[in-house]
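Dear colleague,

I am handing over the structure we talked about, with the sequence beside it. Below it you will find my notes on what was found, written so that you can follow them with the model open.

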Amino acid sequence: MKKLDLIHGVTPIMKLEKLSRRLGKNIYIKRDDLTGMEMSGNKIRKLEYSLAEAMAQKAEMVITCGALQSNHARATVAACKRLGLGVHLVLRGDEPEKKEGNLLLDTIFGAEISYLPSEAFADHENYMEALKRTYAKKGLHAYIIPIGASNGVGNLGYLDAYNEIEKQSHHMNIHFDRIVCAVGSGGTYSGLYLGSQLSQSMIPITGYSVGGTSEHFKSKCKAIISETVDDYLHDTTTIDNAFIDIVDKHQGAGYAITNTEQIAFIKEVAALEGIIFDPVYTGKALFGLCKDIENGNYQQDQSVLFIHTGGIFGLGPFESWFHESISPINR
Ligand SMILES: Cc1ncc(COP(=O)(O)O)c(C=O)c1O
């Protein structure tokens, strides 16, 4: 399957020296937050494939969905504008008076946006199908990308990323005992897991849920992986799903809900390493990984590669959490 070229080359792998010393492990990060600027983060790897399929199907419009601060939605809008495609977002929540972060960028880029309150958003798949029919009546062919581009075709992006990591590991002469990522809609994890299963190296992949149970994500990842294998790789290899490993105990109160401990951790790592992890995805997942290392859960692993999947534009709504003068207790 052909893909578009939307990423700025191979993303670097670097060691978090001070955090590593503190934890007594080698903690590396793969900087997928540097895949681009407007199109930065993990989603653009998936979109290289999803949008290639949209173009191959001669789509004129792309419809996709997500939370108000969806990084995926913002990356999709930027990429569609670059490619000359129209784009319609279906976002969960009421239209806020003040638009910030990813949503501000969506509006600057001129995306069409439908805001659906949470209850209505439960039916977002049918809503997107209905939109597609509406565009068809206007003579426009629309291509639908599901939440997070986490489906069979988008998954190919992180299968590629696994292969990229293998090559980098070889060139850097570093063996990674484990690869770790945040799990929001499951596509990043699924692609890496599939890459691992199809490789000689078979590096174990651990995902940290940012909202949702391990069981939910295990079955979602299995479905995504089999869609990729059946529909895109046309492979008869049986993928062993027994090693799918998704931890849900650090998700806190749920998706996009943070707490003082996680914010303190994000601030601490930022001050130590000069790198921002966000409260919704990467900060939560890295927090979980570091907690588990401290609790002795990864004694057999010496070098761990954490995928920094981006998310800096989603920081806006959390601004007050980062002001020391505001007590989180009084929020
Ligand atoms: C910055 C960031 N990191 C991680 C994730 C999780 O990736 P996935 O949806 O592929 O599980 C997302 C999106 O959900 C994201 O926007």
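Before the strands are described, a word on terms: two strands are said to pair if DSSP finds at least two bridges between them, and helices (H or I, at least four residues) and strands (E, at least two) are DSSP runs that are numbered from the N terminus. This is a predicted model, in which local features need pLDDT of at least 70 and side-chain atom pairs count only at pLDDT 80 or more, while totals for chains, interfaces and linings use all residues. Residues are numbered from 1 along each chain, as its sequence is written.

The two domains

The chain is assigned to domain 1 (13-37 + 151-330) and domain 2 (43-149), with bounds that come from an automatic or database domain assignment. The centres of the two domains, taken over C-alpha atoms, are separated by 24 Å. To their contact domain 1 gives 21 residues and domain 2 gives 19 residues, where two residues are in contact if their C-beta atoms, placed from the backbone, lie within 7 Å. On the side of domain 1 that touches domain 2, helix H7 (residues 155-172) supplies the largest share, 5 residues. That side of domain 1 divides into 8 nonpolar, 12 polar and 1 charged residues, if Ala, Val, Leu, Ile, Met, Phe, Trp, Tyr, Cys and Pro count as nonpolar, Asp, Glu, Lys and Arg as charged, and the others, Gly among them, as polar.

E1 and E2 pair in the antiparallel sense over 3 bridges, and here Met 14 stands opposite Ile 29 in E2. E2 is also joined to strand E10 (residues 303-308) by 6 bridges, and these two run parallel, with Arg 31 opposite His 308 in E10. Because 5 of the 6 residues of strand E2 (residues 26-31) are buried, this strand is largely enclosed by the rest of the structure; a residue is buried if 20 or more other C-beta atoms lie within 10 Å of its own, exposed if 12 or fewer, and partly exposed in between, with C-beta atoms placed from the backbone. E7 pairs with strand E8 (residues 205-209) in the parallel sense over 5 bridges, and Ala 182 stands opposite Tyr 208 in E8.

The sheet of 4 strands

Another open sheet has 4 strands in the order E5-E4-E3-E6, with parallel pairing, and its edges are strand E5 (112-116) and strand E6 (142-144). The twist from one strand to the next averages 25 degrees. E3 pairs in the parallel sense with strand E4 (residues 86-92) over 7 bridges, where Ala 67 stands opposite Arg 92 in E4. Strand E3 (residues 61-67) and E6 are likewise parallel, over 3 bridges, and Ile 63 stands opposite Ile 144 in E6. As 7 of the 7 residues of E3 are buried, E3 is largely enclosed by the rest of the structure.

The ligand

Around the ligand there are 19 residues, of which the closest are Asn 71, Gly 184, Tyr 281, Thr 309 and Gly 311; a residue is near a molecule or strand if its C-beta atom, placed from the backbone, lies within 6 Å of it. Two or more residues of this shell come from each of helix H3 (71-83), strand E7 (178-183) and helix H8 (187-198), and H8 gives the largest share, 3 residues. The shell has 4 nonpolar, 15 polar and no charged residues, and draws at least three residues from each of domain 1 and domain 2.

Two backbone angles

Most residues other than glycine have a negative phi. Ala 149, however, has a positive phi near 50 degrees; Ala 149 is found in the loop between E6 and H7 and counts as buried, with 28 C-beta neighbours inside 10 Å. Asn 173 has a positive phi of about 60 degrees and is placed in the loop between H7 and E7, but counts as exposed, because Asn 173 has 6 C-beta neighbours inside 10 Å.

With best wishes

Key: Axes fitted to C-alpha atoms, helices over the stretch in contact; angles between N-to-C directions.
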